[in-house]
Amino acid sequence: MQDRAAKSKRLLAAQQQLHRVEQWKLADLQGRLAELNAAQIDTISALNGSELHGLFIEATARRLRSLAEEAQRVTLDKDKQSLKTSEHAGRVRAAERLAHALQIELDREIERKELMEIIDQYLTNTRTSLP
């Protein structure tokens, strides 16, 4: 019983670690998306503030197009990663429930053994004290 409880705790720790990794990946994608949005804003503001904007319109349009395409790809990756993170959260919850249930079962087993020992001690003491 103790082995099962220990294994479930190790499983829970592993699931929690995997979930943290998935959360980090999601945070990285969100950060990358924010960087891309900031780059788009910077490119547009640079174009608006430049007196030579007519010379760079075509290059700026290509840059904005590539930033938009990359932002779209990152958004799709972020959505996929969000689903993976949710799946891992479900696995963590399942592992927590299992670990909790096994710990309760282990505690009950220990209590039952302790109670049996107390009963045995009581019965042994009452038998020896009889005339």
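User: How many salt bridges does the structure hold?

Analyst: A salt bridge is counted when a side-chain nitrogen of Lys or Arg lies within 4 Å of a carboxyl oxygen of Asp or Glu, and the structure holds 6 of them. Bear in mind that this is a predicted model, in which local features need pLDDT of at least 70 and side-chain atom pairs count only at pLDDT 80 or more, whereas totals for chains, interfaces and linings use all residues. Residues are numbered from 1 along each chain as its sequence is written, and side-chain values use heavy atoms, with hydrogens and water left out.

User: Which residue meets K25 in a salt bridge, and where do the two partners lie?

Analyst: The side chain of K25 pairs with that of E22, at 3.8 Å from N to O. Both partners lie in helix α1, 3 residues apart, which is about one turn of the helix; helices here are DSSP runs (H or I, at least four residues), numbered from the N terminus.

User: Is E22 buried or exposed?

Analyst: Burial is read from relative accessible area, where buried means under 20%, exposed over 50%, and partly exposed in between (1.4 Å probe, protein chains only). E22 has a relative accessible area of 7%, so E22 is buried, while K25, at 37% relative accessibility, counts as partly exposed.

User: Which residues are linked with R32 in a network of salt bridges?

Analyst: R32 is linked with E35 and E70 in such a network. For the pair R32 and E35, the closest N and O atoms are 3.4 Å apart, and these two residues are again both in helix α1, 3 residues apart. R32 is partly exposed because its relative accessible area is 32%, and E35 is partly exposed at 48%. Another salt bridge joins D79 to K78, with the closest N and O atoms 4.0 Å apart.

User: Which residues make up the largest nonpolar core?

Analyst: A nonpolar core is a set of buried Ala, Val, Leu, Ile, Met, Phe, Trp, Tyr and Cys residues joined through side-chain atoms within 4.5 Å. The largest one here has 7 residues in all, namely L29, L33, L36, A39, L67, A71 and V74. Helices α1 (2-49) and α2 (57-129) each supply at least two residues of this core, and α1 gives the most, with 4 residues.

User: What does L29 touch, once residues up to four places away in sequence are not counted?

Analyst: Contact means heavy atoms within 4.5 Å, and on that basis L29 touches V74, D77, K78 and Q81.

User: Where is H88, and what is it in contact with beyond its neighbours within four places in sequence?

Analyst: H88 has its place in helix α2, and, with those neighbours left aside, H88 is in contact with Q15, L18, H19 and E22. At 10% relative accessibility, H88 counts as buried.

User: Which residues form a nonpolar patch on the surface?

Analyst: Patches are made of residues with over 30% relative accessible area and no salt bridge, like charges being joined within 9 Å and nonpolar side chains (Val, Leu, Ile, Met, Phe, Trp, Tyr) within 5 Å. Here L115, M116, I119, Y122 and L123 form such a nonpolar patch, with about 480 Å² of accessible area together; accessible areas come from the Shrake-Rupley method with a 1.4 Å probe, and for residues only the protein chains shown count as cover.
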